[in-house]
Amino acid sequence: MKIYCKTCNQPLSKDVACYNGQSFGEGDGMDYIQSGFYTLSDGMYYPGTEGAVIINFEDLLEVHDHTDIHRLNGCCGLDGSGGPNKLCANGHEVGTAYSDCWMPHAFVFCKDNVIQQ
């Protein structure tokens, strides 16, 4: 499966497979999911994201920081507290990077702003 921007059809991810493993990297600073895979959020680690696709940062394509600096909160990385903090190459909001030191690291797509193929 690949993820695309719903507005402009810009590719946002490499081809990823559904993760069927038993556990995730739940420790601070750990990759929540292995590269090459995706899972659907249950909202446990990233509240308010239930049903959204989660991938590893290594599987992202051409996304960049939001132009609104208030979306880029965090101490050592991005904590996602300001809402979606990543844009596609054409400037559309596509997801939230969770990369701060006190949380598992992952990218969570905005489920209403992307399509899966």
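Accessible areas here come from the Shrake-Rupley method with a 1.4 Å probe, and for residues only the protein chains shown count as cover. On that basis the chain exposes about 6000 Å², with carbon and sulfur atoms supplying 49% of it. Before going further, keep in mind that this is a predicted model, in which local features need pLDDT of at least 70 and side-chain atom pairs count only at pLDDT 80 or more, while totals for chains, interfaces and linings use all residues. Residues are numbered from 1 along each chain as its sequence is written, and side-chain values use heavy atoms, with hydrogens and water left out.

Let's start with the overall picture. The chain has zero helices and nine strands, so called because helices (H or I, at least four residues) and strands (E, at least two) are DSSP runs, numbered from the N terminus. Reading along the sequence gives you β-β-β-β-β-β-β-β-β. For 117 residues, a compact globule would have a radius of gyration near 13 Å, and the chain agrees with that at 13 Å; the radius is taken over C-alpha atoms, and the globule rule is 2.2 Å times the number of residues to the power 0.38. The C-alpha trace spans about 35 × 30 × 20 Å along its principal axes.

How much of the chain is buried? Of the 117 residues, 43% count as buried, meaning under 20% relative accessible area, with exposed being over 50% and partly exposed in between (1.4 Å probe, protein chains only). As for contacts (heavy atoms within 4.5 Å), take those between residues at least 6 apart in sequence: 45% of them join residues at least 24 apart.

Seven strands form an open sheet with mixed pairing, in the order 2-3-4-8-7-6-5. Strand 2 (17–18) and strand 5 (64–65) stand at the edges with a single partner strand each, so one side of each has no neighbour in the sheet. Two strands count as paired if DSSP finds at least two bridges between them. In general, strands of a sheet pair through backbone hydrogen bonds, either parallel or antiparallel.

Strand 2 pairs with strand 3 (residues 37–40) in the parallel sense over two bridges, and Cys-18 has Tyr-38 in strand 3 as its bridge partner. Further along, strand 4 (residues 53–55) and strand 8 are antiparallel, again over two bridges, with Ile-55 standing opposite Phe-107.

Strand 8 (residues 106–109) is also joined to strand 7 by four bridges, and these two run antiparallel. Phe-107 of strand 8 has Ala-97 opposite, while Phe-109 is the bridge partner of Gly-95. Side chains in a regular strand alternate between the two faces of the sheet. In strand 8, Ala-106 and Val-108 point one way and Phe-107 and Phe-109 the other way, and all are buried.

Why is strand 7 (residues 93–98) largely enclosed by the rest of the structure? Five of its six residues are buried, so the strand has the rest of the structure around most of it. Thr-96 lies in this strand and counts as buried at 8% relative accessibility. Not counting residues up to four places away in sequence, Thr-96 touches Gly-80, Gly-83, Pro-84, Asn-85, Ala-106, Phe-107 and Val-108. Leu-87 has Glu-93 in strand 7 as its bridge partner. The two strands form a hairpin with five residues between them, and Gly-91 in the turn has a positive phi of about 90°.

Finally, look at the two ends of the chain. Ile-3 sits in strand 1 (residues 3–5) and is buried at 0% relative accessibility. Its C-alpha is 8.7 Å from that of Phe-109, a residue 106 positions away in sequence. Among the residues that Ile-3 touches, leaving out those up to four places away in sequence, are Val-53, Phe-109, Val-114 and Gln-116. Gln-116 belongs to strand 9 (residues 114–116) and is partly exposed, with a relative accessible area of 45%. Beyond its neighbours within four places in sequence, Gln-116 is in contact with Met-1, Lys-2, Ile-3 and Val-53.
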